[in-house]
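Please read them with the coordinates open.

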Amino acid sequence: MPEISTKPYMLRAIYEWCTDSGYTPYLAVKVDAGTTVPMEFVKKGEIVLNISFGATSGLKIDNDSIRFHARFGGISREIFVPVNNVLAIYANENGQGMAFEPPLPGTDSAGAAAGAEPAAAPALASVPSNSESRAPSGSSSPDDDKGPPKKGGRPTLTRIK
């Protein structure tokens, strides 16, 4: 019997934490042929969706998919996201939440390559918060040329590889 993924349970838990804390839950999603989202809002193959109670209708987070209706530009649209395509769920107000490994290229929305063994379960790793120390200034990566993060404004999700 295949092992049941913890990802949909984590998504439901972070969603519940956000709503109980008065935060707005957002989903970062990798868009592929298995997702149904308004393509005009997709940037670099990804979309960020507000999944708060006030922004959605009929939100259902199952073990294999997330589905709901939402308005984009005043037009109600049906949204379907396979759980494997969720990159992160977080509170918009403070950026706290959980990020997941992106789906591997060549896998379908169910997460399995044709004829391949199931992928290993995602692993959790500790990520320093904004108040904790950063990497030494001598280290650099392609994303380091933006300078120090600005205080205030809209929080952003940073993917660490």
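1. Which pattern does the chain follow, read along the sequence? The pattern is α-β-β-β-β-β-β-β. That gives 1 helix and 7 strands in the chain. Helices (H or I, at least four residues) and strands (E, at least two) are DSSP runs, numbered from the N terminus.

2. Some ground rules. This is a predicted model: local features need pLDDT of at least 70, side-chain atom pairs count only at pLDDT 80 or more, and totals for chains, interfaces and linings use all residues. Residues are numbered from 1 along each chain as its sequence is written, and side-chain values use heavy atoms, with hydrogens and water left out.

3. Chain-level numbers. Of the 161 residues in the chain, 27% are buried. Buried means under 20% relative accessible area, exposed over 50%, and partly exposed in between (1.4 Å probe, protein chains only). Take the contacts between residues at least 6 apart in sequence: 55% of them join residues at least 24 apart. Contact means heavy atoms within 4.5 Å.

4. The open sheet. In what order do its 4 strands stand? The order is β2-β1-β6-β7, with antiparallel pairing. β2 and β7 stand at the edges with a single partner strand each, so one side of each has no neighbour in the sheet. On average, neighbouring strands of this sheet are turned by 15 degrees against each other, direction ignored. Two strands pair if DSSP finds at least two bridges between them.

5. Strand β6 (residues 86-91). Is β6 largely enclosed or open? Here 6 of the 6 residues are buried, so β6 is largely enclosed by the rest of the structure. β6 pairs with β1 over 5 bridges, antiparallel. Ala-28 has Ala-88 in β6 as its bridge partner. With β7 (residues 97-99), β6 makes 3 bridges, again antiparallel. There Tyr-90 has Gly-97 as its partner in β7. The β6 to β7 hairpin has 5 residues between the strands, and Gly-95 in the turn has a positive phi of about 80 degrees.

6. The helix. Helix α1 (residues 7-20) lies across β1, β6 and β7. It runs at about 20 degrees to β6. Axes are lines fitted to C-alpha atoms, for helices over the stretch in contact, and angles run from 0 to 180 degrees between N-to-C directions.

7. Strand β3 (residues 56-61) and strand β4 (residues 65-72) run antiparallel, joined by 4 bridges. A hairpin of 3 residues connects β3 to β4. Lys-60 stands opposite Arg-67 in β4. Next, 8 bridges join β4 to strand β5 (residues 75-82), also antiparallel. Ile-66 has Val-81 in β5 as its bridge partner. The β4 to β5 hairpin has 2 residues between the strands, and Gly-73 in the turn shows a positive phi of about 60 degrees.

8. Ser-57. This residue sits in strand β3. At 45% relative accessibility, Ser-57 counts as partly exposed. Which residues does Ser-57 touch, not counting those up to four places away in sequence? They are Phe-68 and His-69. Ser-57 and Phe-68 are 11 residues apart along the chain, and their C-alpha atoms are separated by 5.8 Å.

9. Lys-44. Check its backbone. Phi of Lys-44 is near 55 degrees, a positive value in a residue other than glycine. Lys-44 lies in the loop between β1 (25-30) and β2 (46-50). At 84% relative accessibility, Lys-44 counts as exposed.

10. The cavity. The count is 1 cavity of 30 Å³ or more. About 30 Å³ of space lies in the largest cavity. A cavity is a set of points on a 1 Å grid over the protein atoms alone where a 1.4 Å probe fits but cannot get out, and lining residues have an atom within 4 Å of a point. Grid points are joined across faces, edges and corners, and a volume is the space filled by probe spheres set on the points. The lining consists of Leu-87, Ala-88, Ala-99, Phe-100, Leu-157, Thr-158 and Arg-159. By class, the lining has 5 nonpolar, 1 polar and 1 charged. Ala, Val, Leu, Ile, Met, Phe, Trp, Tyr, Cys and Pro count as nonpolar, Asp, Glu, Lys and Arg as charged, and the others, Gly among them, as polar.

Notes:
1 Å grid on protein atoms, 1.4 Å probe; cavity = no way out; pocket = protein on both sides within 12 Å on 5 of 7 lines; lining within 4 Å.
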